[in-house]
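Student: I would like a close look at one part of this protein. Please walk me through the salt bridges and the loops around them.

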Amino acid sequence: QRLRHNLWLSTSKWKLDRMGLVLGENTTTDFDTDDWKYSEQRQMELSIGGPSVIHMPSNVRLFHRASGRYFMYFAAHRSKYIRLATAPSAKGPWKISNIKVVHVDDHTCLRGHVASPAATMLNDGTLSLFFHSETDSGQQTFEAKSLDGTAFNVDCKRGPLGPFYFTPFTLNGVRYAVAKNMNRGGVVLQE
């Protein structure tokens, strides 16, 4: 079964000069981050580890500053929020939004950091975003849902879904995820 509107990216680190990213309103990057020395905070702002890209269907109303229907969700591993970039095609150019789609401080069940987003479109048109955060049991995966790709709700009553680094997929109408098994290999989970 074909995954709907999904384009998974599994790179661990992207160089900004390869993507043509736009930082803020009018600043484009044309440098290689390896050649520059930044403060730790600036490195966090530029980090795009573990991005997840999805094509937003035409029935989803885009926010006014979106540069296209391709949405990239990403976060530095120790970030307090998941970020969003948009583009007219999967090849870019990408424009980073100021929207923080999931922020640790906005949800009582999240703490420490959020990272490793994985986006997928559900059959009802809802965007599902899996990511991990810290818990008493270590890093665990949570799910946030959105109708527009920018305003996400984390169901804290549901709590964590399983181990970290979820990569979700749907097969024959059933949702599955491949995840890291507490640093002892991988595991396949079924909803």
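Is Lys-157 buried or exposed?

Tutor: This is a predicted model. Lys-157 is exposed, because its relative accessible area is 84% and the cut-off for exposed is over 50%. Lys-157 sits in the loop between strand S11 (153-154) and strand S12 (162-163). Thr-108 is 49 residues from Lys-157 in sequence. In space, the C-alpha atoms of Lys-157 and Thr-108 are 9.7 Å apart.

Now take His-107. His-107 lies in the loop between strand S7 (95-103) and strand S8 (114-121). His-107 has 13% relative accessibility, so it counts as buried; the cut-off for buried is under 20%. Setting aside neighbours within four places in sequence, His-107 contacts Val-102, Phe-152, Val-154 and Cys-156. Of these, Val-102 falls within the range of S7, and Val-154 falls within the range of S11.

Next, the charged pairs. Side chains of opposite charge can pair when their charged atoms come close. The structure holds 5 salt bridges. Among them is the one between Arg-111 and Asp-136, at 3.0 Å from N to O. This pair links distant parts of the chain, 25 residues apart. Arg-111 is in the loop between S7 and S8. Asp-136 is in the loop between strand S9 (127-135) and strand S10 (138-146). Arg-111 is partly exposed, with a relative accessible area of 38%. Asp-136 counts as exposed, at 72% relative accessibility.

Another salt bridge joins Arg-175 and Glu-143, with the closest N and O atoms 3.0 Å apart. Here too the pair links distant parts of the chain, 32 residues apart. Arg-175 belongs to strand S14 (residues 174-180), and Glu-143 belongs to strand S10. Both residues, Arg-175 and Glu-143, are buried.

The side chain of Arg-158 meets that of Glu-191 in a salt bridge, 3.5 Å from N to O. Arg-158 counts as partly exposed, at 41% relative accessibility. Glu-191 counts as exposed, at 58%.

Finally, the network. Glu-143, Arg-158, Arg-175 and Glu-191 are linked in a network of salt bridges. Its members include the buried Arg-175 and Glu-143, the partly exposed Arg-158 and the exposed Glu-191.

Definitions and conventions. Residues are numbered from 1 along each chain as its sequence is written. This is a predicted model: local features need pLDDT of at least 70, side-chain atom pairs count only at pLDDT 80 or more; totals for chains, interfaces and linings use all residues. Side-chain values use heavy atoms; hydrogens and water are left out. Helices (H or I, at least four residues) and strands (E, at least two) are DSSP runs, numbered from the N terminus. Buried means under 20% relative accessible area, exposed over 50%, partly exposed in between (1.4 Å probe, protein chains only). Contact means heavy atoms within 4.5 Å. A salt bridge is a side-chain nitrogen of Lys or Arg within 4 Å of a carboxyl oxygen of Asp or Glu.
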